[in-house]
Amino acid sequence: MSHVTVLGLGAMGTALAEAFLAQGHIVTVWNRSPHKAQALIEHGAAHAASVQAALYACDLAVVCVLDYPAARSILETAAGQLAGKTVVNLTNGTPSQARELAAWVNGHGADYLEGGIMVTPELIAGPEAFILYSGPQTSYAHHEETLKALGNGAYIGEDAALAPLYDLALLAAMFGMFGGFLHAAALLSSEKIPVAQATPMIESLLHAMVGVLPQTAEEIDSGTHPQPTSNNRMMTAGLKNILDGSRDQRVRPDLIQPVWALFDHGVQKGLGDLDISALAPLLTESAHADDT
Ligand code: FVH
């Protein structure tokens with residue numbers, strides 16, 4: 001049984017605190033707006049009136065708030081209380097924000113683990129819950145058992161920046177899918193077709209396409225791009241049809257336009273006979289510098 005403090009009781013922080021309580025840990029909670037602690041107090045959590053008091057009580061402090069500026073401002077109010085603790089920051093942010101906060105927390109004598117939660121609050125502690133962690137391996141190993149209360153942990157490596165990098169990469173893939181789905185929905189709605197009617201077909205296509213990702217990843221990693229049956233030139237023409245067809249249907253092409261631009265750029269660079277893996281390097285800033 002561990003003494004855990006949860007700082008931040010939004011939808012996610014509340015779910016995290018409930019999960020620790022459910023596993024029998026001693027849980028102290030704090031939130032900027034104290035009324036959000038009420039249900040947790042009824043479920044056995046102790047409420048701290050200040051961040052300082054909340055940190056005093058624990059070995060492990062989990063921070064989960066809106067963004068890094070909020071996380072940093074909360075920890076700054078009790079910097080003197082950090083020494084000897086482990087801070088696990090489960091707030092969404094960028095790799096450089098993570099490195100900066102890790103250095104600041106370490107500078108106050110505490111260990112720092114960075115985390116990226118890859119599920120919604122209602123899935124926390126369930127079988128699908130999965131959380132990315134990075135930071136000192138020894139700290140992760142020390143708290144792994146306690147953190148299991150939240151879901152399956154995936155430890156990535158020592159550099160604090162790694163969990164947010166993976167987090168942003170995974171979310172980029174997810175938001176790409178959401179953007180495509182919203183565009184599909186707008187196209188269908190332009191002819192008053194219920195989106196739900198076409199969604200099983202969309203699901204079926206996406207399931208099939210997800211299956212090609214491991215092969216695409218290998219090609220990106222190895223830099224070898226075999227000539228495919230579905231090449232970039234053909235897909236660029238298809239994307240152009242989505243743009244033109246969307247305009248005809250009075251659907252804004254904004255979401256698809258940059259995807260077409262990437263493919264078209266690839267074709268202009270002589271990558272038309274290859275498949276999408278050959279386009280990944282065009283997204284790096286150095287590739288843009290080469291073009292100018
Ligand atoms: N909810 C989700 O689906 C996602 C799943 C993946 C991970 N994210 C990240 O988790 C972080 C917290 O998200 P959340 O869902 O708990 O967010 P809210 O319910 O909006 O609660 C926000 C909490 O942040 C506190 N807060 C905001 N600004 C400040 C500040 N300047 N100083 C102190 N606390 C602040 C807010 O406090 P209050 O408004 O209740 O007083 C809430 O506790 C987030 O990084 C997601 O990306 C969730």
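Predicted model: local features only at pLDDT ≥ 70, side-chain atom pairs only at ≥ 80, totals over all residues.
Residues are numbered from 1 along each chain as its sequence is written, and side-chain values use heavy atoms, without hydrogens and water. Local features need pLDDT of at least 70 and side-chain atom pairs pLDDT 80 or more, whereas totals for chains, interfaces and linings use all residues.

Helices (DSSP runs of H or I, at least four residues, numbered from the N terminus) α4 (residues 68-76) and α5 (residues 95-107) pack at an angle of about 5 degrees, with axes 11 Å apart. Axes are lines fitted to C-alpha atoms over the stretch in contact, and angles between N-to-C directions run from 0 to 180 degrees. The two helices, α4 and α5, are therefore roughly parallel (angles under 35 degrees). In α4, Tyr68, Pro69, Arg72, Leu75 and Glu76 meet Gln97, Ala98, Glu100, Leu101, Trp104 and Val105 of α5 (heavy atoms within 4.5 Å).

Arg72 and Glu76 also form a salt bridge, at 2.9 Å from N to O (a side-chain nitrogen of Lys or Arg within 4 Å of a carboxyl oxygen of Asp or Glu). These residues, Arg72 and Glu76, are 4 apart in α4 and therefore separated by about one helical turn. The count of salt bridges is 7.

Helix α7 (residues 162-189) gives the most to a nonpolar patch, with 4 residues; Phe175 lies in α7.

Key:
Parallel < 35°, antiparallel > 145°, perpendicular 65-115°, else oblique.
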